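Please examine the sequence together with the coordinates before reading on. The explanation below then moves from annotated spans to aromatic contacts.

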Amino acid sequence: MTRLILRRLALLIPTLLGLSVLLFLWVRALPGGPATALLGERATPEAVERINQLYGFDRPLPQQYVTWLGQLLQGNFGVSTRTGRPVLDEFWARFPATVELSLVALVVAVGIGIPLGYLAARHQGRLVDHAAVFTSLLGVTIPVFFLAFLLKWLFAVQLGWFPSTGRQDAAMIATHPTRFYVLDGLLTREWDASWDALVHLVLPALALGTIPLAIIARITRASVIDVQHADYVRTARAKGLSPAHVRSRVILHNAMLPVSTTIGLQVGLLLSGAVLTETVFAFPGIGKFLADAVFNLDYAVLQGFILLIAVVYALVNLAVDVSYGLIDPRTRTR
């Protein structure tokens, strides 16, 4: 297992270095450049030239990249031109909101996707199977932003069952020691604050969890169909094991290997930030802040957030590889 982790870490370093090069060149190629973004409306040619000289933007690109990379290794991701705060502080201030939203969306996706896929496989070719396949296809094809607007219009605007924006009611007085609002309410015994934060998560989580739900359902269905016709399943039935034992301990247990990998990859995608979902619901996560940075030409935030998101995604994938090695020891030598 240690060798597996070391191999994955060895691949992680060049991947992140390559991403940093592409990200650095992409930001430098954007219209206006960093100097214009820093100056805003005061971007006269003379002022732009002074900023370029002050921050070294007039130096050769390789020299700029080495300087920028050295700052990153020291934990300096720059300062947001919009808020004036360090990029790393802005990221950690909003990352708990995205984690909270992602976890609720994942619960929705796994809680519905696995049973739906399993029922479809058990009733292959029947009405339940066709309905499950149609539902999963519908979940993949509907654009997230359209579903988010639809849920917001129906359940927030028309019915008034759920709040339409934000993470918590503005009138709610609560303390947030961990910045995980639901958890904070439980820790401080502010039950109303915890419930209010959970209610604010319902609609964004439903919109965000739709695509992972559909993918998990399809993978579960395909995996269960493949496993239930395996020789060891027929052997288990021939030995006289109960149908419930065969379904839970033999079929479902072995079918969960590819499903667990899919769930892990979906976690990485969810934690990477839901730009569209967070924008529609004005949810203060990293996706919403990143979208605002695009419109405000906040280059430091663009570089820092995208790189930090890539690190989070890579670490989640590493955890998935390790967990898969624990579940199936045969993969450790591959």
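UniProt positions are given in the numbering used here, feature names are shortened, and annotations may be inferred rather than shown by experiment. The model is predicted, so local features need pLDDT of at least 70 and side-chain atom pairs pLDDT 80 or more, while totals for chains, interfaces and linings use all residues. Residues are numbered from 1 along each chain as its sequence is written, and side-chain values use heavy atoms, without hydrogens and water.

As "transmembrane region", the unreviewed UniProt entry lists residues 101–121, 133–155, 197–217, 263–284 and 304–327. Residues 101–121 are 100% helix and 0% strand, with end C-alpha atoms 30 Å apart; helices are DSSP runs of H or I of at least four residues, strands of E of at least two, numbered from the N terminus. For residues 197–217, likewise 100% helix and 0% strand, the corresponding separation is 28 Å.

The whole structure holds nine aromatic pairs, that is, rings of Phe, Tyr and Trp (its six-membered ring) with centres within 6.5 Å; planes under 30 degrees apart count as stacked, over 60 as edge-to-face and the rest as tilted. One of these is F24 with Y65, edge-to-face at 5.6 Å and 70 degrees. The pair links helix α1 (residues 2–29) to helix α4 (residues 61–73), its members being 41 residues apart. F24 is buried at 2% relative accessible area, where buried means under 20% (1.4 Å probe, protein chains only).

F91 and F95 are stacked, because their centres lie 5.2 Å apart and their planes at 20 degrees.

Terms used:
Buried < 20%, exposed > 50% of the residue type's maximum accessible area, 1.4 Å probe, protein only.
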